[in-house]
Amino acid sequence: MTRIPSKAEILDWISAHPTQTSKRDIAKAFGIKGADRIDLKRLLKELEAEGHLQKRNKTYRDPEQLPPVTVLLIKAPDDNGDLYAQPLEWHGEGVEPIVLVVTSASGPALGQGDRILARLSKVAGSDHHYEARLIRRIGVNPKRVIGIFRKGAEGGRIVPIDKASSSEWIVMGDAMQGARDGELVEAEQAGPKGRMGLPKARIITRLGDPSAPKAVSLIAIHQHGIPDDFPDQVVAEADAAKPMGLSGREDLRDMPLITIDPADARDHDDACYAEADSDPKNPGGHVIWVAIADVASYVTTGSELDREARKRGNSSYFPDRVVPMLPDRLSGDLCSLHEGVPRPCLAVRMQIDAEGNKIAHRFVRGLMRSAASLHYGEVQEAMDGQVTDRTEPFLEPVIKPLYAAYEALKKARVERAPLDLDLPERRIILSDTGEVTSVAFRDRLDAHRLIEEFMILANVAAAETLIKKRSPLLFRVHEEPAPEKLESLRETAMAAGLPLAKGQVLQTKHLNALLNGAAGTDDAELINISTLRSMQQAYYTPENFGHFGLALRNYAHFTSPIRRYADLIVHRSLISAHGWGEDGLVQTEIDRLEETAKHISDTERRSMIAERDTTDRYLASYLSERVGNEFSGRISGIARFGAFVKMDETGADGLVPVRTIGREFFHFDAEAGTLMGADTGLIISIGQRVTVRLTQAAPVTGGLELELLAIEDEGLPKGGHGGGGRRSPAGRNVKRKSGKAKHKSAKLKRKVERKRRS
């Protein structure tokens with residue numbers, strides 16, 4: 001009989017081998033085979049129940065600490081030249097540990113993007129949690145940079161456009177690729193550091209004029225490595241696709257399904273229809289149909305289209321362009337549910353009762369014909385009495401029944417109590433030539449909410465069906481907030497005089513009570529932002545951990561297969577589960593679902609960052625002509641090097657460098673989220689109302705630099721060493737703090753002082 005390891009031995013193995021922690025890996029390490037695996041499984045479950053391990057994606061981790069040896073990703077040096085690193089094996093629920101990399105003069109030079117294997121030691125009483133010492137470097141691809149080429153006598157240099165990078169790159173004469181002075185280029189590292197200690201680079205791609213307005217999104221696309229050109233074989237495969245017929249499908253062409261999208265939508269992948277339920281057993285109930293483009297019939301497993309779609313993971317949306325997951329022949333034509341054109345679809349018929357609860361559903365593979373392609377604004381206007389020739393034929397038979405079903409769904413939503421954040425979404429308005437003409441906030445209409453509720457209901461139906469049929473799928477998971485982030489939110493709420501209950505299982509209804517309590521007050525935006533920041537990031541996984549934000553136990557993405565690869569996986573699983581054809585989910589896909597889930601979660605985050613960076617650059621361009629103007633805003637973030645301010649007018653984020661605030665030293669408290677002046681005791685914290693002056697706007701990097709003028713309508717106190725904010729003749733602040741602002745500042749100051757004494 002094989003000796004079963006002790007719990008201590010298992011924990012030691014997991015700590016020392018962070019990339020080999022599945023049950024299979026552990027069994028192999030200790031030579032456990034056959035029936036003895038049952039005892040190993042029991043031990044792992046006991047360790048999990050005792051809190052020593054945490055299971056995620058079939059692997060086990062210690063949720064409280066990093067292993068003694070781990071893989072790290074080197075970050076850019078901070079203002080003091082110190083190197084910090086991201087622990088790639090961190091899977092805890094709390095705040096990610098801060099790791100300082102300790103280098104030696106004899107060791108290799110480490111730079112941003114390097115991956116290293118390092119030995120960690122815990123550190124107490126410092127602003128970082130671990131110190132890391134290099135064991136060895138892990139091979140990586142050459143580092144790349146997007147920047148402006150400046151020609152010199154024997155080559156030139158590249159000035160990076162990334163605001164997080166300050167180092168220039170040297171380009172030798174034989175590595176210029178014909179680049180002209182002032183052009184936007186992409187380059188990769190070509191060797192060790194050259195003269196003046198700058199890294200050498202060779203130009204890979206010339207991207208053109210960086211000042212051209214429509215180069216803004218192009219910069220983000222290349223900077224973040226988003227594929228924007230389809231290989232020839234992928235385009236050829238898409239061009240060879242033909243329209244699908246009725247064979248093997250349910251005929252839905254006579255059903256008046258309509259699409260409702262933004263006015264500038266480039267594709268239409270979902271359509272809907274509703275009617276009163278004729279079943280006498282369901283008085284006041286409704287039948288809702290949601291039909292989704294049948295992308296799986298065109299993009300089959302292992303095809304060139306499939307490989308490219310998986311590589312991209314999702315479409316990326318910018319103010320002036322879309323980088324689609326699929327070529328336009330599919331995304332804008334054969335898979336798009338255009339008005340009056342037969343299109344293949346997967347559709348779900350859902351029956352809800354008068355209270356909006358789903359009581360039955362079934363899926364079909366069909367052929368539909370959209371009765372109309374409408375946009376949100378005209379649908380809402382029709383319901384509000386502003387009927388046009390376009391919407392009048394659909395008002396009574398289609399639009400009003402949709403809203404009637406939505407009214408029922410609203411009742412179920414109230415009972416379910418999903419997280420109800422109120423965060424306006426910015427919209428960048430561009431001219432035909434790409435210049436920013438205005439920045440607006442998108443309207444939130446009932447037409448938007450209607451479609452959202454229908455899509456959520458269809459996504460739930462897809463997850464429930466596949467669970468019932470025991471078919472593999474990718475769930476959309478959103479886990480509850482980490483305890484540390486929740487405690488930070490609770491402190492912010494208390495400082496604003498709002499309660500957030502402690503000592504009970506957190507539910508979204510508790511957070512909604514907090515949000516409702518803040519609604520209509522000066523703290524509403526602060527509480528909404530703080531609540532959002534306390535949330536975990538949603539991701540894809542083959543295991544079902546539920547969706548906290550939506551307050552749903554079973555949730556998967558089904559409704560957007562044109563722009564999300566996760567939805568295509570769910571479609572294929574539905575096809576296999578119903579026996580609808582040979583284009584369903586195959587075993588090779590099932591075997592790598594975990595890998596696919598991780599990959600597309602990463603591509604989703606990549607697109608989000610690229611889209612955010614593009615918005616920042618457009619806003620910087622828009623504000624560049626208003627340098628010197630004053631703006632109102634709110635502190636939205638605190639870092640050692642300064643405070644971030646979200647400006648009211650545009651929602652743009654700018655930085656107030658700590659070096660520009662008076663002439664005193666500021667103590668940074670990461671836990672409290674504060675900067676406190678050593679001489680004046682001035683406390684700068686998240687949520688404070690401020691007045692700032694725009695001192696610099698850099699459209700190429702998207703950076704905005706601000707000068708802090710006032711906090712909560714008070715002038716700044718005079719800093720140490722004769723530095724200057726405004727002061728009254730008596731040496732006091734121009735205005736005394738009052739009410740809630742005074743209470744919050746005093747509370748934060750006491751907390752910082754307690755930490756300093758301890």
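F558 is buried, with a relative accessibility of 0%; buried here means under 20% relative accessible area, exposed over 50% and partly exposed in between, using a 1.4 Å probe and protein chains only. This is a predicted model, in which local features need pLDDT of at least 70 and side-chain atom pairs count only at pLDDT 80 or more, while totals for chains, interfaces and linings use all residues. Residues are numbered from 1 along each chain as its sequence is written, and side-chain values use heavy atoms, with hydrogens and water left out.

The structure holds two aromatic pairs, where rings of Phe, Tyr and Trp (its six-membered ring) pair if their centres lie within 6.5 Å, with planes under 30 degrees apart counted as stacked, over 60 as edge-to-face and the rest as tilted. Here they are side by side:

| Pair | Centre distance | Plane angle | Class |
|---|---|---|---|
| F363 and F558 | 5.4 Å | 85° | edge-to-face |
| F641 and F644 | 6.0 Å | 90° | edge-to-face |

The pair of F363 and F558 links distant parts of the chain, 195 residues apart. F363 belongs to strand β20 (residues 358-369), and F558 to the loop between β25 (539-541) and α14 (565-578); helices (H or I, at least four residues) and strands (E, at least two) are DSSP runs numbered from the N terminus.

In the other pair, F641 is partly exposed at 37% relative accessible area, and F644 is partly exposed at 30%.

Charges also sit over rings, meaning that NZ of Lys or CZ of Arg is within 6 Å of the ring centre and within 35 degrees of the ring normal. R312 lies over the face of F230, 3.7 Å from the ring centre, and R476 has its charged end over the ring of Y540, at 4.6 Å from the centre.
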